[in-house]
Amino acid sequence: MESMDLTALKQRIKTGKLYFESKELMAEQQACLETLYDFNQTRPSQGELRTELLKKLLASMGENCYIEPPLRANWGRNTHIGNNFYANFNLTLVDDGDIFIGDDVMIAPNVIIDTATHPISPELRKKKAQFNVPVRIGNNVWIGAGAILLPGVTVGDNSVIGAGSVVTKDIPANVVAAGTPCRVLRPIGDRDREYYFKDWKIDLSL
């Protein structure tokens, strides 16, 4: 592939086409990683600074969002987060491509969201070819500890992804899904509105 200017390369990256790294692209990435480093060095008492750094790092971030350090990201600037977002420690964003996260999403520790991948062809991999496919997470989704979301998947509104799952295909809305590969176990139903764990009834009285 012939070399191309940075603007053309960025356009190619956004469309899922194969591309190769460039020095200019890596320089931009390093600037993002400097901001990420600053975020991860903040103290627990520096909540306002953390929010300021996240707004600088991410493509967009809604209100009332919290990410527990350490956060890992290839860029940060390709991740779009809605309102009322919570992520526990060791969230990894392989966001060479876009990651879209809706409102009221909760993410447990050690979750990986991956948009970047490589062709199977040994010849292309030897040349470090790469392509990216966006990941989309709907509203009010809960992703359990250690789950991995692979390039191109969508998780529908209100769904739960069980701990340790590897999500290789789209998961519809309003279901509980788990496993490797992740698969739908059951719909979210009336019983889930009465019991919160096994036979433990929901009781919000004091």
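Lys and Arg count here as positive and Asp and Glu as negative, while His and the chain ends are left out. On that basis the protein carries 23 positive and 25 negative side chains. The centres of the two sets lie 6 Å apart. The model behind these values is predicted.

Next, the overall build. The protein contains four helices and 21 strands. Its C-alpha trace spans about 65 × 40 × 20 Å along the principal axes. How does the radius of gyration fit a compact globule, and what is its value? For 206 residues, a compact globule would have a radius near 17 Å; the protein has 19 Å, which agrees.

Now the packing and the surface. Buried means under 20% relative accessible area. By that cut-off, 39% of the 206 residues are buried. The accessible surface amounts to about 11,900 Å². Carbon and sulfur atoms own 54% of that area. Contacts can also be sorted by sequence separation. Take those between residues at least 6 apart in sequence: 24% of them join residues at least 24 apart.

Strand 18 covers residues 175-178, and strand 19 covers residues 183-187. The two pair in the antiparallel sense, over four bridges. Which residue of strand 19 stands opposite Val175? That residue is Pro187.

Note on methods:
Residues numbered from 1 in each chain as written. Predicted model: local features only at pLDDT ≥ 70, side-chain atom pairs only at ≥ 80, totals over all residues. Heavy atoms only, no water. Rg over C-alpha atoms; globule rule 2.2 N^0.38 Å. Buried < 20%, exposed > 50% of the residue type's maximum accessible area, 1.4 Å probe, protein only. Contact = heavy atoms within 4.5 Å. Areas by Shrake-Rupley, 256 points an atom, 1.4 Å probe, with all protein chains shown as cover. Charge placed at Lys NZ, Arg CZ, Asp CG, Glu CD. Pairing = 2+ DSSP bridges.
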